[in-house]
Amino acid sequence: MTKDRKLDHIQLAFDSQTGFAEQDQRFIYEPMLAAHPTDEDEAFLFLGKMVRAPFWVSSMTGGTGVAEKINKNIAQACREFGFGMGLGSCRKILFDKTHWADFDMRETIGPDQPLWANLGIAQIEKLLKEKNEKAIVDLVGGLRADGLIVHVNPLQEWFQPEGDQIERPPLETIERLMERIHIPLIVKEVGQGMGEESLKRLLQLPLAAIEFAAYGGTNFSNLELMREDPATQEMYQPFAFVGQSAYQMVKTVNRLLQQMGEPRCRQLIISGGLKSYLDGYHLTSLSQLPAVYGMASAVLKHATGDYQELQAYLKNQLKAFRLAQQYLKLNPEYDGA
């Protein structure tokens, strides 16, 4: 057996060569300073609840044939591994409870993990105009959610054939909403992130968190544009390539903190374009504000089947993240190039 293993090593030594082009320059590897990680995670406070993993499952789906199964798998995983969940847009169940079961995840996720409802800025603008903010309060209360995610998506609404007209700057709508109801809010974009001025204004509001949904992942503006006719696609396609990456947004927030001092919003959900646990570890470590990292498409891929598939995927993600915590330090000379 040992002989076979040694023969394997000879061949694998040739196959496992790495070059400088593949070197991950974000980290400094420190093999002398820690033992292997255990399965024990230290709980920390995030969004008012104790969580055991720095993960967040970003808002995805609801009101479709398989949505209930997907969301239940995700909610069960959140309960088992100790992290939070943002529901997909709850617009479909504001006034029609046909698809309520797709979103009603409190029993599955349990009382201790963060669960957040979700509405778009155009829908909130309309409800406030109609003086029907009670519908928002009833939605959050009915779902027994901890608060509301407001997704801001002016480009998506513009490109969507059936999209809504946004009549006011989203920041004004968010401020009006906070004046009229007292529900914790998270504000996010939908796949292109946001720039310095938008982040600065949001940091000055008493939000529970800002979620990046940065450029580099699922881009809902581009998704809607793909549904348009060819002439419209050709006209607006350049908009699909604008935005800010998660790395750029973390650096921007850190810089703003130096300029503006103590912000009123003090938590981040870093999502958009994160391809692995090392991306999540890098960005949450780099952030000067407490942060978790969001996973959407990767989790969705494993959540459509049996729960055991999602369970195994997340268990491996956690193990790898713990390994990174033990042995990898941020490289202070890394500049994002």
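This is a predicted model: local features need pLDDT of at least 70, side-chain atom pairs count only at pLDDT 80 or more; totals for chains, interfaces and linings use all residues.
1. Two strands pair if DSSP finds at least two bridges between them.

2. On its other pairing, β6 runs parallel with strand β7 (residues 147-152), over 5 bridges. Here Gly120 has His151 of β7 as its bridge partner.

3. How much of β6 is buried? In strand β6 (residues 115-120), 6 of the 6 residues are buried, so the strand is largely enclosed by the rest of the structure. In a regular strand, side chains alternate between the two faces of the sheet. For β6, Leu115, Ala117 and Leu119 point one way, while Trp116, Asn118 and Gly120 point the other way, and all are buried.

4. Helix α9 (residues 196-203) has Leu199, Leu202 and Leu203 as its buried residues. They cover an arc of only 100 degrees around the axis, which puts them on the same side of α9. What do these buried residues pack against? Their partners are α8 (170-180), β8 (185-189), β9 (209-211) and α12 (246-260).

5. A search of the whole structure finds 8 aromatic pairs. One of them joins Tyr281 and Phe321 edge-to-face, at 5.7 Å centre to centre with 85 degrees between the planes. Because Tyr281 lies in helix α13 (residues 277-286) and Phe321 in helix α15 (residues 307-327), the pair ties together parts that are 40 residues apart in sequence. Tyr281 is buried, with a relative accessible area of 9%, and Phe321 counts as buried at 4% relative accessibility.

6. Phe321 also forms an aromatic pair with Tyr293, and this one is stacked: 5.8 Å centre to centre, with 25 degrees between the planes. Tyr293 sits in strand β11 (residues 291-295) and Phe321 in helix α15, so this pair ties together parts 28 residues apart in sequence. Both Tyr293 and Phe321 are buried. Ring pairs link Phe27, Phe55, Phe83, Tyr281, Tyr293 and Phe321 into a cluster.

7. Finally, a word on the cysteines. How many disulfides does a search of the whole structure find? The count is 0. Cys78 is buried, at a relative accessible area of 0%, and Cys90 is buried with a relative accessible area of 0%.

How values were computed
Residues are numbered from 1 along each chain as its sequence is written. Side-chain values use heavy atoms; hydrogens and water are left out. Buried means under 20% relative accessible area, exposed over 50%, partly exposed in between (1.4 Å probe, protein chains only). Helices (H or I, at least four residues) and strands (E, at least two) are DSSP runs, numbered from the N terminus. The arc is that of the directions from the helix axis to the C-beta atoms. Contact means heavy atoms within 4.5 Å. A disulfide is a pair of cysteine sulfur atoms within 2.5 Å. Rings of Phe, Tyr and Trp (its six-membered ring) pair if their centres lie within 6.5 Å; planes under 30 degrees apart count as stacked, over 60 as edge-to-face and the rest as tilted.
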